[in-house]
Amino acid sequence: SNPSGSGNHPFILSPFNLNYASPNMFLQFSAAIYFLLLLTVAETATKLQAQGSNTQSGPNIVFILADDLGYGGVGYNNPEMATPWLDALSMDGVRLDAFYAHSLCSPTRASLLTGRYSYKLLNHNYLVSQAWGVDVAYTMLPATLRDAGYRTHMVGKWHQGFYKVDLLPTRRGFDTFFGFLTGDADKNSQEVNEFECSWGHPVALTDGELPAVGLNGTSYTDEAFAQRAVDLISSHDFSSAPVFLLVALSNPHSPFEAPPTAKAETPFEIYRAMVGSVDDAVGRIVDALHSKEVMDNTLLIFASDNGAAIHSYGTNSPLRGSKCSNWEGGIRVPAFVAGGFLPETARGRTLDGMISVADWYATLAGLAGTTVDHSGPARSDSIDQWRYISGQSLRSSRKQIVHEHNFTEGGTAEGALRVGKWKLLVGLQDRAELYNNSLYEGDIDISACADAPCLFDIEADPTESQNIASEYPKIVEGLLLLFEEIGQEYHAPLEDDFLDDDSSCAAWQQAGGFVTPWK
């Protein structure tokens, strides 16, 4: 090669010498060029064939989602918690200190899988017998990645509706599924404690589209989930296709049950052991990736779906509020990116720019060489954040985020949004306790912002201790105008129970007591 353009090359004629070139020289030159073109075409075809059979089109993507793990639930934010794997991975990766989820399980997962703000998808958690689900008109992330050549697997908690077969994970883009279709279950028996039919509690464990008969009650839930993830990694042929693996763990969500091997007696010890099981699961998955020698081309993402709940023994300290609230403690959660695919120059940083859980759709689709799907009732809200995460850009591409925007039955809008450093909360905001170092003692009835919107400078006051709405009336006015404009966008229908206890229980009884679609 001759990148500088200087010196002599046997097949380059200077334009200044063309007048002196003989016909024979042109013939020789043309033949040489023709020969080089043939070689180039053949070489390109060989490379393309090799790429189609022996290389990947994008990085392996392993996304691990914890359940109800608060901001103070990881060791790098709270020395009382022991999470050595999470601490080490995040230290060698990129910590996302302003990563926002929704305040509830189902809406966060819906945003992750569709790239939409949650208010466009649903405004509640799915109940086990509820005939509801995320609109099938939306193309979910695994379907987009599968179309881009990925093998797609999900292990763990689905919680996106399952009353009909079309809503199952394997109908929304995942090649395989093993886990709960419901929101939670007993950690040892996998029975749904929150719901009881006349014949007893149904079992939540599903393998593919069928009841996981014989697997229920054989191991602690997150240990079973981790083992299935390890098995999927170990058995996958990474030379044939990259993998997208979503592992949605059940801990530290209720019920509060420590792993059988843990020495835990007090409530806090039990909670710590549950968090420890999350850390252990992450470690086992990382070890499997190393054993398969694919960590160098893997992007590993860890996040929580919302903050810790009051009365859970968890903590969102020093942030205000908890799960089920729009305070930072309910929506600002631990998150980081790690793995060998992350550029070395990007590692060891903590980013404080806003990133939404909805942004993973565009970010991962971009890495896979494909685009965001805008089909469905509402266009995507996802923003590709890879340049920011990988260090190519100094600022997040997201300038604003709508945390929640819902209408009450009376037509009044409530919720929260952040634009730059300013956060506006509109309507009654409960679970407003400050500095929840011990959420078990928290008061669920403390509320704020009911009489007038609240305004906070999140960059200067991340704990939301000073409502400065009266000091910046123009800022409040502008944000309220934006909040009203959002009300003109598409919203999911108002919550309706759609509870179908009789039909669901009858179907589950016929399925041997296991949860299945019933319509």
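The largest cavity in this model is lined by Tyr-100, Ala-101, His-102, Ser-111, Tyr-117, Ser-118, Ser-356, Val-357, Ala-358, Ile-401, Val-402 and His-403. The model is a predicted one, in which local features need pLDDT of at least 70 and side-chain atom pairs count only at pLDDT 80 or more, while totals for chains, interfaces and linings use all residues. Residues are numbered from 1 along each chain as its sequence is written, and side-chain values use heavy atoms, with hydrogens and water left out.

The search runs on a 1 Å grid over the protein atoms alone; a cavity is a set of points where a 1.4 Å probe fits but cannot get out, a pocket is an open set with protein on both sides within 12 Å along at least five of seven lines, and lining residues have an atom within 4 Å of a point. Grid points are joined across faces, edges and corners, and a volume is the space filled by probe spheres set on the points.

By this rule there are five cavities of 30 Å³ or more. The largest cavity holds about 90 Å³ of space. Strand 13, residues 400–407, gives the most to its lining, with three residues; here helices (H or I, at least four residues) and strands (E, at least two) are DSSP runs, numbered from the N terminus. The lining of the largest cavity has seven nonpolar, five polar and no charged residues. For these classes, Ala, Val, Leu, Ile, Met, Phe, Trp, Tyr, Cys and Pro count as nonpolar, Asp, Glu, Lys and Arg as charged, and the others, Gly among them, as polar.

The second largest cavity has a volume of about 50 Å³. Among the residues that line it are Tyr-126, Trp-132, His-159, Phe-162 and Leu-181. Its lining has six nonpolar, six polar and no charged residues.

I turn now to the pockets. Which residues lie nearest the centre of the largest pocket? They are Asn-123, Asn-326, Glu-404, Asn-406 and Glu-414, out of 21 lining residues. The volume of this largest pocket is about 500 Å³. Strand 13 and strand 14, the latter spanning 413–419, each supply at least two residues of the lining, and the largest share, three residues, comes from strand 13. By class, the lining of the largest pocket has five nonpolar, 10 polar and six charged residues.

The second largest pocket contains about 280 Å³ of space. Of its 16 lining residues, Asp-352, Gly-353, Met-354, Arg-418 and Glu-459 lie nearest the centre. The lining of this second largest pocket comprises five nonpolar, three polar and eight charged residues.

Strand 14 also holds Leu-417. Is Leu-417 buried or exposed? Leu-417 is buried, because its relative accessible area is 1%, and buried means under 20%, exposed over 50%, and partly exposed in between, with a 1.4 Å probe and protein chains only.

Helix 2 (residues 84–91) and helix 6 (residues 267–291) pack at an angle of about 55°, with their axes 7 Å apart. Axes are lines fitted to C-alpha atoms, for helices over the stretch in contact, and angles run from 0 to 180 degrees between N-to-C directions. Pro-84, Trp-85, Leu-86 and Leu-89 in helix 2 meet Asp-279, Val-282, Gly-283, Val-286 and Asp-287 in helix 6.

Finally, the backbone. Cis peptide bonds join Asn-251 to Pro-252 and Ser-254 to Pro-255, each with omega of about 0°. Pro-252 is in the loop between strand 8 (243–248) and helix 6. Asp-68 has a positive phi, near 65°, and counts as buried at 7% relative accessibility. Glu-293 also has a positive phi, near 60°, but counts as exposed at 72%.

Key. Contact = heavy atoms within 4.5 Å.
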